[in-house]
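Visitor: I am new to this one, and I would like to be walked through it slowly. Could you put it up for us?

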Amino acid sequence: MSARAGFDALQGDAEFLVGSSRVLTMDTDGRTLDGYVHVDRGRIARIVERDATADDPSLADLTRVELDERPLMPGFVDPHVHLEMTSSAMWGTVDCRTPPCASIADMLDALSQSRHLRDARGGWLVGQGGLFADRRFSDQRLPTRDDLDTVSTAHPIAVRFGAHITVLNGVGLERLVEQLERLPSPTGDAHLRVDDNDRYSGVIQELFYALPIPELSTDELTEAMLTTARGYLLEQGVTSIGEITDTMQGVSILSGETGAGRLPLGVRAYVWAPGTASMRSSWDHAHDGEHAALANDRFDVAGVKIFVDGGFSAAGAAVLRPYRGTSGWFGRLAYDKDELTEIIRGCRERDLQVAAHVNGEWAQRLMCEAAIAAEAADAGNALPVRLEHAGNLVTSEETIDWWQRAGVSLVPQAGFVWTLGSFIPDYLGDYARAGLFPFESLRQRGVEFGPSSDVAGAELRQFNPLFGVQCATTRESCIGEILDPGEALSVMDGLRAHTRHAANALGVGDDRGSIEVGKRADLVALDIDPRGVDATKIADVSVAGVLKEGLPVTT
Ligand SMILES: [Zn+2]
């Protein structure tokens, strides 16, 4: 990040003015102005039109940072991201994504050139590829053990493609098979694929956890998380996140680093149940003070995250019509309505918000029914249930009615236009095409949604909120298809969704997400105005400077 915004000169100033001819407040009226934001001890004290400053003596002595025509915005908010998971996935791994790797041959080259990284991962050479590599490599397939054996037949190799699929070389397969003899037999979708000759192909599903690759030490994980948070979040103007937790170790690192001031990022944790901790133990910790002990001015445990259904590509998302080519498969639900009602009720009693992974509209509907049932038994102000991924696919008007009746909060992913947009109809059927990311229709109906990146290691460019804005604006997928252009958001609406509405989804809308008096001075200066660039270049607009609670962030 450059110092061009001049924020670096502020070190030490508790009170100052930031001036721009394009202050994009994202307030209720969507006001933009030519003027100054008066910051006082980390909060926004006043917002003053440029003309009005001349005859206001109280402002005369204050330090001024002049951005000129560079826009000044509230910091971006990412309500659902996997910072720990991404950081540990990137530690000591070879980048096998597309780009930079256009083909399997490119990927093998990258692995060969990075053999030294083996030392960081206990002898394993680990690669991280992207989602849908079988569609994005020019080979139109995943690599096999034989491909990876051209890099090494002596040392184990594992290349992950997204969170679910991994490809191993021959030695890696041997190590996995040995390991599986010792572990309890895997459940769910976990398996080793076989090829036409009935031989393990090297592709494994949901079994990465079973590989004997050493875990990161606390110091390594801390360094990895700080590097990712600074390099990918703060650098790109994200000042608050909702972290979907991975391990309790990661939770305590986030609490410690934010509390000690080494990580100038607002973090609300959603504890994944049961992956990070069981629901029961999250409930206990809400009571016994464990959660309170972790909290500081920038960190708290906001709630729990549960998986109600699965993903589209594995036919796990619980949808309203049978999957393409099946005679009645609608996906998989992990809970029934009564179980969900109990979870929502138990969480509300402990002031924990429920964030539910509900890719499909059937799962969303079930969650809404449960929220309504739980509400009936509640009194007072209940935290809204969050529907993660709702708004990415809407094929039925009734879905929107259910959301509204249940008063849920919606967290779609604009970046999925790019990664998933063209592929969802392949799994579901052509009917799904008309329901993809209907953001403009939702906006016109007054249905608010707060988009998130949901980065979990595979698609790093999704960390950039301006990439989300670009996807919402261009609606271009990774294979160059433009999804229904009538559903494109304006740039301004895309920016508002990734700030104001995302802050509401994260439950911090009264404190962050817009430039309004009393809110935290989380401010971002952009190099140029994204409203004035070609829509396909919005993600290239760079951040010229970031203030977190009035303090300049250096990355
Ligand atoms: Zn996620």
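Visitor: How far apart do the C-alpha centres of domain 1 and domain 3 lie?

Guide: The C-alpha centres of domain 1 and domain 3 lie 29 Å apart, where the domain bounds come from an automatic or database domain assignment. This is a predicted model in which local features need pLDDT of at least 70 and side-chain atom pairs count only at pLDDT 80 or more, while totals for chains, interfaces and linings use all residues. Residues are numbered from 1 along each chain as its sequence is written, and side-chain values use heavy atoms, with hydrogens and water left out.

Visitor: OK, and how many residues are in contact there?

Guide: On the side of domain 1 there are 34 residues in contact with 30 residues of domain 3, contact meaning heavy atoms within 4.5 Å.

Visitor: What area is buried between domain 1 and domain 3?

Guide: About 2,700 Å² is buried between domain 1 and domain 3, and carbon and sulfur atoms give 59% of that area; buried area is the accessible area (1.4 Å probe) that two parts lose on being put together, summed over both. Met26, Arg520 and Lys548 supply 23% of the area that domain 1 buries against domain 3, which is more than any other three residues.

Visitor: Switching topic, which residues are the protein donors of the zinc ion?

Guide: The zinc ion has His80 (NE2), His82 (NE2) and Asp454 (OD) as its protein donors, at 2.0 to 2.1 Å. Donors here are N, O and S atoms within 2.8 Å of the metal (3.2 Å for Na, K and Ca), and since water is not among the atoms, sites may look incomplete. Along the chain these donors follow the spacing H-x1-H-x371-D.

Visitor: Is His80 buried or exposed?

Guide: His80 counts as buried, because its relative accessibility is 0%, buried meaning under 20% relative accessible area, exposed over 50% and partly exposed in between (1.4 Å probe, protein chains only). His82 is buried too, with a relative accessible area of 7%.
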